[in-house]
Amino acid sequence: LISPTRFRLIPKDHARPRQEDRKKVEAKLRANLDKHPDDPAVYEELAVFYTISGQSKKAAEIYEKLLNMEATAKRLNGMGVALANMGRREEAEQYFLRAIEKDPLFYWSYNNLIRLYRQNGNLNRAVSLLLEAVLAHPEFLEARLGLARLFLASGDLNSAENIIKEPGNK
């Protein structure tokens with residue numbers, strides 16, 4: 001089931017560097033940034049490092065720079081994650097919504113917004129969000145499975161079964 005306690009940037013971003021390795025990794029990433037100050041990918045690496053290292057304020061600062069370069073769904077989602085981890089949930093919600101608007105098939109923005117809604121006890125809003133995504137994009141498997149998980153969490157087995165069926169095979 002979707003855990004309401006952990007926000008994610010992308011799949012498998014949860015491997016936090018060990019404390020003793022953190023400074024070495026940060027130094028390497030900073031050196032790479034010094035060598036390539038105009039490369040957005042280098043900034044993204046650093047922002048992800050800060051996020052998974054629990055340094056959300058630093059991550060938000062980097063994402064702010066990245067968003068000034070170009071507001072992609074991945075970057076908007078990253079800013080939302082940093083803000084959510086700092087407890088700034090209303091701002092995070094806006095970034096997740098902007099990311100979904102930018103790329104309606106980038107599932108991690110939905111996933112994080114659902115976590116936010118569930119943390120606030122708003123399961124209905126989470127269900128509505130994914131239902132809209134599935135109705136707009138019936139082939140959007142991640143949204144379909146996420147919606148099924150929410151139905152299962154609420155005990156609605158029939159809806160969960162129906163939503164995971166292929167469109168037209170009900």
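1. Helices α8 and α9 run roughly antiparallel to each other (an angle over 145 degrees; under 35 is roughly parallel, 65 to 115 roughly perpendicular, the rest oblique). α8 covers residues 141-153 and α9 residues 157-164; they pack at about 170 degrees, axes 8 Å apart. Axes are lines fitted to C-alpha atoms over the stretch in contact, and angles run from 0 to 180 degrees between N-to-C directions. Helices are DSSP runs (H or I, at least four residues), numbered from the N terminus.

2. From α8, the contact (heavy atoms within 4.5 Å) uses Arg144, Leu145, Leu147, Ala148, Phe151 and Leu152. From α9 come Leu157, Ser159, Ala160, Ile163 and Ile164. Nine of the contact residues are nonpolar, one is polar and one is charged.

3. The model is predicted: local features need pLDDT of at least 70, side-chain atom pairs pLDDT 80 or more, while totals for chains, interfaces and linings use all residues. Residues are numbered from 1 along each chain as its sequence is written, and side-chain values use heavy atoms, without hydrogens or water.

4. Helix α4 (residues 73-85) packs on helix α5 (residues 89-102) at about 165 degrees, with axes 8 Å apart. That makes α4 roughly antiparallel to α5. Ala73, Leu76, Asn77, Met79, Gly80, Val81, Leu83 and Ala84 of α4 meet Glu91, Ala92, Tyr95, Phe96, Arg98, Ala99 and Lys102 of α5.

5. Glutamate 61 sits in helix α3 (residues 56-69).

Conventions. Helix = DSSP H or I, 4+ residues; strand = E, 2+ residues; numbered from the N terminus. Nonpolar A, V, L, I, M, F, W, Y, C, P; charged D, E, K, R; others polar.
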